[in-house]
Amino acid sequence: MTATFVRSFPPRSGERLYAPEPATIVRTKQLTELERLFEIKFADGRDLGHQPGQFVQVSVFGYGEAPISVSSSPAKRGSFELCVRNMGGLTAALHRLDEGDRVGIRGPFGNGFPMSCMRKMDCLMIAGGIGMAPLRSVINTVLADRNAYGRLIVLYGSKTPKEILFRDEIETWTGGKKNEILLTVDNAAPGWDGNVGVVTTLFPKIKVNPKAVAAALVGPPVMYRFVLAELNALRVPDNQIFLSLERRMKCGMGKCGHCQIDNRCVCIDGPVFTAEESKHLHESL
Amino acid sequence: MTSKAVLDAANLSGWLSTLQATAPLMAPVKRGRVSFAFSWIEDPADVRLDYVRTVLPPKQALLPSRENLLTVTRSPLEATPQIADKPFILFGVHPCDLTAINQLDWAMGKRNNVEDPFYVARRRAATIVALDCMPDKYCFCASVGSCATRDGADLFLTPIAAGYLAEALTDKGAALLAKAKSRAPKPEELTEAEGFAQKKVRRTTLRLDEEVANLPKLFEQRHDSEVWEKTALRCYSCGTCTNVCPTCFCFDVREIADLTLDAASRWRQYDSCQFLEFAVVAGGHNFRRERTDRVRHRWFRKFVYLNQEHGQAFCVGCGRCSQQCTAGISLVDVANSVIAEAKERVA
């Protein structure tokens, strides 16, 4: 299987390349203490036109821009969702905004997950922490066209039970024999009777056919090395493993230099790379 | 099209005055005791064409150290691009810096299929008058293929005894030359100008010890060389090297609100991959926390990554970073150490 990424963009030019387009926050939902979901709509109701795994640059007046991955599936029409952790600065200002307030949007940017390569395959989704935000877009894309894909296996690690994102929604994913959703937390709390330990402790609980599986990973930098070791042990080929790598994307157009990993711009060539590609990049993991 | 004419030295200042009346003129001037700087000219008598290198490269005319990209209003939320497309003349650009401008034309104009509108507008508005020069001990243009560049210039000046041999390379250049009091060159003056170029190559003694095309392979072999760590031990991460570099184009974008909070402006300014915060993401993880990694990144970006992508080193041998490095680090010495190591291992 060769990953076919969207990597040849149509030429982009024009005076407004750096100018965000106004959009309205139509709904917000506090997901955890730090994370909040924003549903955002353009004035003309057009779709964002994104691929799962792509990101947008969100502008908040007076603060500038921050790259945020899109959390909704392209199957959701007319608006899109961003799951934002309050990290101070721009994201804190964004958290202070409410329904009806306006933000600016540029994008979508980056390549996204190669959904066409995942069709007919068993989809093994591995998320750590806020990595669930972009992975939810992939998962909902699979669920929206369920018969086009094989099994759906989700391994999701959080620090504590109260930090689990989209908890209500995750329960709806478990329906159907083809879906296996496994959660774990680093630190248990009263009422938690699930797995305790980092996300790799879930691997003994699953069985995969390495030839038929496509794995997608999104999580904190430390997670990748350990999860890749597990996937290698399962003999999943490196070109069937897709990693979303976080960097500090500023311009989104391969100019500003901030998101570079060796010779690749994450905003153009990424954020999704195969494990095969990542192996040849010194700075990737 | 090429038309050649001689500008006698006595007619230069009259020509500069005429040019300055037609469009804003940026040219080298003396700054302080020994330094030169590209500056917007008010008095044409200030223009100095006898400089070796300016502290900052002429890149600033096309990619200013700080520029306003957008003005933003809060209510309604709207962003308006601030495109600068007023014609201007960039005068006295040496071939190395001209090469750098050609590379920026690609980096900001074509690379990744995205045309940066601010850079492209300024570049289209520019008329460039290039000027040939003699090297000093920091120059190594001959070994990175930038000492005889003419592409990108509208008019090219070569110093000769009588003044300058001027060659118009474009219609814009011919129009500038038409405003000068010039005369047809004598045959010996054409020979003199050719001799200048040859003398320049002979005098450029500082060199990289390997062809630019072979550097990606050699550097990759020495990715984990101790040279990077040793260089990092001397480096202060001050960012001088990237600030004075004619080909560096990394930038940061920031928004600054007016005191009224009704409007804001979005600025971009030079950033440096040598700064500790350059690759920090939200939450504080730093993907290039070690100074060794940042130092290596600079040399790799110049001689490996962009070299592979564009087929040219992103270093034009101007010597600025070596001359101005706070710690006295020589870009050429570091590169040659790495080259020597790689060759030693093969031998």
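Colleague: How many of the 15 residues of α2(B) are buried?

Modeller: In this predicted model, 11 of them are buried, so α2(B) is largely enclosed by the rest of the structure.

Colleague: Which ones are buried in α2(B)?

Modeller: B:Pro95, B:Cys96, B:Asp97, B:Leu98, B:Thr99, B:Ala100, B:Ile101, B:Gln103, B:Leu104, B:Ala107 and B:Met108.

Colleague: And what covers the buried residues of α2(B)?

Modeller: The cover includes β6 (88-93), α3 (117-125), β7 (126-131) and α9 of chain B.

Colleague: What does α2 of chain B reach from its first C-alpha to its last?

Modeller: Helix α2 covers residues 95-109 of chain B and reaches 20 Å, close to the 21 Å expected at 1.5 Å a residue.

Colleague: Now α11 of chain B. How far apart are its end C-alpha atoms?

Modeller: They are 23 Å apart. The helix has 16 residues, 331-346, and should span 22 Å at 1.5 Å a residue, so the two values agree.

Colleague: Which residues of α11(B) are buried?

Modeller: B:Leu331, B:Val332, B:Val334, B:Ala335, B:Val338, B:Ile339 and B:Ala342. Among the elements that cover them are α6 (215-221), α7 (226-234), α9 (291-310) and α10 (320-324) of chain B.

Colleague: Switching to strands. What is the order in the open sheet of 4 strands in chain B?

Modeller: The order is β5-β4-β11-β10, and the pairing is antiparallel. Strands β5 (78-81) and β10 (251-257) are the edges, each pairing on one side only. On average, neighbouring strands in this sheet are turned by 25 degrees against each other, direction ignored.

Colleague: How many bridges join β4 to β5(B)?

Modeller: There are 4 bridges between β5(B) and β4, residues 66-73 of chain B, and the two strands run antiparallel. One residue to look at is B:Thr73, whose bridge partner in β5(B) is B:Glu78.

Colleague: Is B:Leu261 buried or exposed?

Modeller: B:Leu261 counts as exposed, because it has 10 C-beta neighbours inside 10 Å.

Colleague: Over to chain A. Where is A:Lys120?

Modeller: A:Lys120 lies in the loop between α2 (115-118) and β7 (122-128) of chain A. Its phi is near 70 degrees, a positive value in a residue other than glycine. A:Lys120 is exposed, with 12 other C-beta atoms within 10 Å.

Colleague: Which residues does the cis peptide bond with omega of about 10 degrees join?

Modeller: That bond joins A:Gly107 and A:Pro108, and A:Pro108 is in strand β6 of chain A. Another cis bond joins A:Gly270 and A:Pro271, with omega about 5 degrees. A:Pro271 is in the loop between α6 (266-269) and β15 (272-274) of chain A. Most peptide bonds are trans.

Colleague: How many residues does each chain give to the contact?

Modeller: Chain A gives 40 residues and chain B gives 40. On the chain A side, β4 (64-69) and β6 (102-109) are the elements that give two or more residues. Strand β4(A) gives the most, with 3 residues. The chain A side divides into 17 nonpolar, 11 polar and 12 charged residues.

Colleague: And the predictor's scores, what are the ipTM and pTM?

Modeller: The complex has an ipTM of 0.92 and a pTM of 0.95. Chain B averages a pLDDT of 96, with 99% of the residues scoring at least 70.

Technical notes
Residues numbered from 1 in each chain as written. Chains lettered and ligands numbered in written order. Predicted model: local features only at pLDDT ≥ 70, side-chain atom pairs only at ≥ 80, totals over all residues. pLDDT = per-residue confidence, 0-100. Expected span 1.5 Å × (residues − 1). Buried ≥ 20, exposed ≤ 12 C-beta atoms within 10 Å, placed from the backbone. Contact = placed C-beta atoms within 7 Å. Pairing = 2+ DSSP bridges. Axes fitted to C-alpha atoms, helices over the stretch in contact; angles between N-to-C directions. Nonpolar A, V, L, I, M, F, W, Y, C, P; charged D, E, K, R; others polar.
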